[in-house]
Amino acid sequence: MMLKRLVLLLVCEVSLYNLGTSTTETCQHPPAIPNGYTVVRQYDCKEKFEYKCHGNYILDGAVEAQCEQTENQKPVCRASCVISVRRGRILYNNQKTWLHDLPERRVQHADRVAFYCKDKDRGCGYPVYTQCLDGNLTIPSCYKEPSSFTYNLNHKNLPSEIQQC
């Protein structure tokens, strides 16, 4: 998911010194965000800086900020999701992916993932979508994690591999 580069402006504190013609402007320290940090060289008024998130988090909101507007527009760092099941094949980023091939079995916030379920009456498989929302991913109730034997030696019979409904 591509986040739009927005400009977020923070409260600017202006100090005027009438010592001849000099005027100095300073900016309050950029507000911190949970699970994130700012990249800034100096805190001068109108100076731009960036928000970034720590590992396994993704920025939701403005990437770039500038000292001038209110603090209530600061972005949020959203947690990625670890898929709780260990065996199976999912549809992720429009590709069928074995869970053991997915790094750390992790997907990003707002990503959609499809788990394959089986229609026992018709003997076919079908995808059921779920979405990672700030560290929470609900496994569809119809999904049955295959046994180690089925997953390793009989994977052609998994709902992801049989005829789709």
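# Exercises on a predicted protein model

Apart from neighbours within four places in sequence, V107 is in contact with S80, C81, I83, Y92, L102, V113 and C132 (contact means heavy atoms within 4.5 Å). The model is predicted: local features need pLDDT of at least 70, side-chain atom pairs count only at pLDDT 80 or more, and totals for chains, interfaces and linings use all residues. Residues are numbered from 1 along each chain as its sequence is written, and side-chain values use heavy atoms, with hydrogens and water left out.

## Exercise 1. Confidence

Determine the mean pLDDT of the protein and state what percentage of its residues reach 70 or more.

**Solution.** 
- Step 1. The term pLDDT denotes the predictor's confidence in each residue, from 0 to 100.
- Step 2. The protein has a mean pLDDT of 82, with 76% of its residues at 70 or more.
- Step 3. Residues 1–23 have a pLDDT below 50, although this stretch has 61 contacts in the model beyond near neighbours in sequence.
- Step 4. Where pLDDT is low, the predicted coordinates should not be read in detail.

## Exercise 2. The nonpolar cores

Find how many residues the largest nonpolar core has and which of them have the most contacts inside it.

**Solution.** 
- Step 1. A nonpolar core is a set of buried Ala, Val, Leu, Ile, Met, Phe, Trp, Tyr and Cys residues joined through side-chain atoms within 4.5 Å. Buried means under 20% relative accessible area, exposed over 50%, and partly exposed in between (1.4 Å probe, protein chains only).
- Step 2. There are 14 residues in the largest core, and I83, I90, V107 and F115 have the most contacts inside it.
- Step 3. At least two residues of this core come from each of β9 (89–92) and β12 (112–119). Strands (E, at least two residues) and helices (H or I, at least four) are DSSP runs, numbered from the N terminus.
- Step 4. With three residues, β12 supplies the largest share of this core.

## Exercise 3. The disulfides

State how many disulfides the model has, and explain which parts of the chain the pair C53 and C77 ties together.

**Solution.** 
- Step 1. A disulfide is a pair of cysteine sulfur atoms within 2.5 Å; the count is four.
- Step 2. C53 and C77 are joined with an S to S distance of 2.1 Å, and their link is left-handed, with -90° about the S-S bond. Because C53 lies in strand β4 (residues 48–53) and C77 in strand β7 (residues 76–79), this pair ties together parts 24 residues apart in sequence. C53 and C77 are both buried.
- Step 3. C81 and C132 are also joined, with S to S 2.1 Å; here the link is right-handed, with 85° about the S-S bond. C81 belongs to strand β8 (residues 81–82) and C132 to the loop between β13 (124–131) and α1 (148–153), so parts 51 residues apart in sequence are tied together. C81 counts as buried because its relative accessibility is 1%.
- Step 4. C117 and C142 form a disulfide with S to S 2.0 Å, right-handed at 65° about the S-S bond. Since C117 lies in strand β12 and C142 in the loop between β13 and α1, the pair ties together parts 25 residues apart in sequence. C117 is buried at 1%, whereas C142 is partly exposed at 27% relative accessibility.

## Exercise 4. The surroundings of S80

Is S80 buried or exposed, and with which side chain does its own side chain make a polar contact?

**Solution.** 
- Step 1. S80 is located in the loop between β7 and β8.
- Step 2. Its relative accessible area is 6%, so S80 is buried.
- Step 3. The partner of the S80 side chain is the side chain of R106, at 2.9 Å. A polar contact is a pair of N or O atoms within 3.5 Å; within protein, one must be able to donate a hydrogen and the other to accept it, and residues adjacent in sequence count only if both atoms are side-chain atoms.
- Step 4. Beyond neighbours within four places in sequence, the contacts of S80 include N56, V107, C132 and G135.

## Exercise 5. Aromatic pairs

Classify the pair of W98 and Y151 from the distance of the ring centres and the angle of the planes.

**Solution.** 
- Step 1. Rings of Phe, Tyr and Trp (its six-membered ring) pair if their centres lie within 6.5 Å; planes under 30 degrees apart count as stacked, over 60 as edge-to-face and the rest as tilted. The whole structure has three aromatic pairs.
- Step 2. The ring centres of W98 and Y151 are 5.7 Å apart and the planes stand at 75°, so this pair is edge-to-face.
- Step 3. W98 in strand β10 (residues 95–98) and Y151 in helix α1 are 53 residues apart, and the pair links these distant parts of the chain. W98 and Y151 are both buried.
- Step 4. F115 and Y143 form an edge-to-face pair, with 5.2 Å centre to centre and 65° between the planes. This pair links F115 in strand β12 with Y143 in the loop between β13 and α1, 28 residues apart. F115 and Y143 are both buried.
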